[in-house]
Structure formats: structure tokens, C-alpha cells
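Trainee: Could we go through this structure together? I would like to begin with a helix and then turn to the aromatic rings.

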Amino acid sequence: MVLRATLEKKEEKERVRLALMRAALHLAASHGFAGLGLREVSREAGIAPTSFYRHFTDMEELGMALIREHAGRALRALGERALASPELVPG
């Protein structure tokens with residue numbers, strides 16, 4: 001029972017973290033990331049601004065998380081393309 005509650009808390013935390021990241025991307029598409037504030041991102045994600053700090057220390061950390069996430073996706077896609085097309089792999 002305790003393990004289940006712990007897993008549910010972790011899943012909820014990840015859900016909110018992803019909601020913040022999606023909200024930041026959505027707002028940045030129209031306003032640019034530099035002009036975003038954590039209150040605006042929190043409001044868009046549907047959470048209290050104080051809850052933002054449970055997931056990121058500041059907007060810079062949120063921005064770095066977005067970069068890591070998207071860089072990881074790009075690298076995985078490149079790797080998949082390389083595996084699918086051996087002629088692209090040097091050597």
C-alpha cells in the first residue's frame with residue numbers, strides 16, 4: 001500500500017513537471033522564453049506558482065530541462081536514422 005502511494009506521488013510529480021514544460025513551450029512559441037515568468041508558466045500549467053519550486057529552482061533550470069529533453073529526442077532520432085541507413089554511419 002505504501003509503495004503504491006509512493007509510485008502515485010512520483011507519477012503525479014512527473015505529470016506536473018511535464019505540464020510545466022509543455023506550458024513553457026506553448027508560451028515561448030508566442031512570447032519567447034526570455035520574457036516568460038514562473039507565474040505565467042504556472043498559471044498556464046494549472047498549478048499554484050509556489051508549486052513550481054517543487055519541480056524547478058527557477059526559470060533557468062526549466063529552460064535547461066527543455067533543452068535536455070529536446071536534445072535527447074533529436075539525438076535518439078539521429079541514432080535511429082543512422083541505424084536504419086547504414087550508409088550514413090562513417091567507417
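**Helix and aromatic rings**

Mentor: Helix α2 spans residues 38-45, and L38, V41, S42 and A45 are buried in it. Buried means under 20% relative accessible area, exposed over 50% and partly exposed in between, with a 1.4 Å probe and protein chains only. Helices (H or I, at least four residues) are DSSP runs, numbered from the N terminus.

Trainee: Why are they on the same side of α2?

Mentor: They cover an arc of only 100° around the axis, so they share one side of α2. The arc is that of the directions from the helix axis to the C-beta atoms.

Trainee: Which exposed residues does the face turned away from the buried side carry?

Mentor: That face of α2 carries R39 and R43. G46 follows α2 and has a positive phi, near 80°.

Trainee: What is the origin of the model, and how is it treated?

Mentor: It is a predicted model, in which local features need pLDDT of at least 70 and side-chain atom pairs count only at pLDDT 80 or more, while totals for chains, interfaces and linings use all residues. Residues are numbered from 1 along each chain as its sequence is written, and side-chain values use heavy atoms, leaving out hydrogens and water.

Trainee: Changing topic, how many aromatic pairs does the structure hold?

Mentor: The structure holds two. F52 and Y53 are edge-to-face, at 5.7 Å centre to centre with 85° between the planes. F52 and F56 have ring centres 5.8 Å apart and planes at 45°, so that pair is tilted. Rings of Phe, Tyr and Trp (its six-membered ring) pair if their centres lie within 6.5 Å; planes under 30 degrees apart count as stacked, over 60 as edge-to-face and the rest as tilted.

Trainee: Is F56 buried or exposed?

Mentor: F56 is buried, at 2% relative accessibility.

Key
Helix = DSSP H or I, 4+ residues; strand = E, 2+ residues; numbered from the N terminus.
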